[in-house]
Amino acid sequence: MCKAITTTIYKFYLLLAAIALPYNAFSLELTNSELTYLQKTSAIKMCVDPDWMPYERINQFGHHEGIAADYLSLVAKRLNIQVKLVRTHSWAQTLEFAKQRRCDIISMARKTADRQAYFNFTQPYITYPFVVATLVDQPFIESFDLIADKTIAAVKGYAVTEHLKLQYPTLNLIEVANIDEGIQLVREKKSFAYVDSALAIGYKIQQSATLDIKVSGQLHYSSSPSIAVRNDEPLLVNVIDKALASITKEERQAIYNTWVSIRFEKGFDYSLALQVLLLVGSFLILSLYWNRRLIKANEKTRKAVNELNAAKTLLEEKNASLEQLATVDMLTGLHNRLKIEESFEVELNRYDRFHSVFSVILLDLDNFKQVNDEYGHLTGDLILVEFAKLLKTHTRNMDFVGRWGGEEFIILCPETDLIGAEFLADKIRFEVEQFSFPEVGHKTCSLGVTTIREGDSQQDIVLRADQALYKAKGKGKNLVELN
Ligand SMILES: Nc1nc2c(ncn2[C@@H]2O[C@H](COP(=O)(O)OP(=O)(O)OP(=O)(O)O)[C@@H](O)[C@H]2O)c(=O)[nH]1
């Protein structure tokens with residue numbers, strides 16, 4: 001009666017807990033006797049494999065972690081009991097402690113005939129294959145039978161170790177305390193291979209970045225461990241079994257992902273590398289694309305600049321030739337009238353500003369009409385060209401020699417007074433007189449000379465020079481007259 005009341009109260013307590021927790025003992029459909037058992041049992045003691053990652057281990061803080069730890073944590077929550085860790089140093093010690101009832105359960109143990117003398121077993125909650133690890137230079141092992149005569153290391157007390165003893169009695173088996181010891185023996189070539197679960201070896205290789213050890217073959221043996229429960233408490237295995245059965249597929253997957261993904265996080269994250277690769281790749285492609293566009297744009301710019309430069313050169317040439325056309329007399333190559341008038345302006349300004357005197361000589365060939373009449377207009381042109389050359393030859397560079405119009409020429413002499421200009425004019429008259437034109441022989445010229453006076457305009461100066469020239473002609477030609 002009293003037991004029925006307490007069971008009801010416990011059920012009520014579990015009902016309250018059900019509101020807060022997604023799962024609990026109430027939802028496990030436990031029998032009354034199981035509930036009563038749980039009510040009495042607030043905590044159970046657990047032994048584990050202290051070094052068998054990713055399945056389980058006791059970490060540096062003395063806590064149980066790994067796949068088995070997560071399963072046990074869920075079991076504890078479902079049953080609302082405390083699971084207390086009993087620390088051991090090796091798997092062999094774990095088995096020993098459990099046999100001595102110093103712990104109530106072993107978190108992960110394979111059901112074997114031997115062990116059944118001490119334990120009940122829940123349903124298996126995980127399955128894993130066993131593999132053979134060797135040095136990297138060993139070839140692939142197709143069958144374990146091929147290495148059955150070799151020295152092989154395996155952890156003492158593991159079910160797989162017992163299996164090897166039974167299956168391969170001739171095997172030279174070295175029983176080690178843990179995976180580290182086993183792998184070290186292989187590394188030192190004291191053992192040909194080490195046998196353990198694929199995940200445990202893979203985890204170790206990844207964690208310690210081991211490059212000299214590889215998985216060379218697989219055993220035709222896999223393990224499906226259960227939770228081993230002391231067999232003197234039959235109800236305990238029932239409730240743990242029910243709690244285990246309540247763990248969903250998603251929860252199992254999440255546990256697996258947690259511990260198996262650790263391997264990759266601490267090793268090489270290929271997905272991250274792929275992302276980085278894609279990012280860098282995209283960046284490179286983008287850079288290449290921009291580079292190509294930039295090169296094309298540069299080519300266009302260079303072409304445009306070249307065209308612009310060519311156009312500029314052409315324009316400059318055109319301008320120069322326009323300038324030439326505008327300032328040079330086409331027949332003789334001397335300054336034309338426009339240019340002489342410009343030079344006049346410059347000299348007049350210089351006179352106004354600095355009182356720099358300048359003189360003007362107006363001249364033409366005597367009786368030039370006869371040349372045209374006798375030899376033709378073209379010969380007349382040649383004579384004018386040769387006469388222009390004579391003028392250029394016998395004047396200074398700074399003098400402006402130009403064709404004033406028709407057969408009339410003008411010489412503008414900067415920084416030259418009347419006496420200087422008269423001297424130059426007479427020299428020209430003499431040189432022309434001496435010269436023999438190839439087409440017509442000797443010719444003479446007449447020259448009128450004047451110099452700048454205060455208040456002169458261009459017309460005033462040219463008029464005075466013209467008057468002097470007229471005077472020279474009137475006096476018999478081949479003369480220099482001043483005005
Ligand atoms: N071939 C040629 N003849 C020209 C040019 N300009 C003017 N003349 C000629 O020069 C001659 C000038 O004749 P006039 O004014 O009588 O002068 P002139 O015969 O030299 O006589 P004076 O000046 O008195 O010595 C004319 O026959 C014009 O046709 C020209 O560019 N080329």
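Some ground rules. Residues are numbered from 1 along each chain, as its sequence is written. Because the model is predicted, local features need pLDDT of at least 70, side-chain atom pairs count only at pLDDT 80 or more, and totals for chains, interfaces and linings use all residues.

Helices here are DSSP runs of H or I with at least four residues; strands are runs of E with at least two; both are numbered from the N terminus. Take helix 2, residues 32-40, and helix 8, residues 234-245. They pack at about 100°, axes 10 Å apart. Axes are lines fitted to C-alpha atoms, for helices over the stretch in contact, and angles run from 0 to 180 degrees between N-to-C directions. So helix 2 and helix 8 are roughly perpendicular, a label for 65 to 115 degrees. Who makes the contact, meaning C-beta atoms, placed from the backbone, within 7 Å? Helix 2 gives Ser33, Glu34, Tyr37 and Leu38; helix 8 gives Leu235, Asn238 and Val239.

Next, the ligand. Around the ligand are 15 residues, each with its C-beta atom, placed from the backbone, within 6 Å. Phe368, Lys369, Gly380, Gly406 and Glu407 come nearest. Strand 14 (358-365), helix 12 (368-375) and helix 13 (377-393) each supply at least two shell residues. Helix 13 has the largest share, four.

Last, residues 291-325. UniProt, in an unreviewed entry, places a "coiled-coil region" there. Such annotations may be inferred rather than shown by experiment. In the model, that span is 100% helix and 0% strand. Its end C-alpha atoms lie 49 Å apart.

Key. Angles under 35 degrees count as roughly parallel, over 145 as roughly antiparallel, 65 to 115 as roughly perpendicular and the rest as oblique. Two residues are in contact if their C-beta atoms, placed from the backbone, lie within 7 Å.
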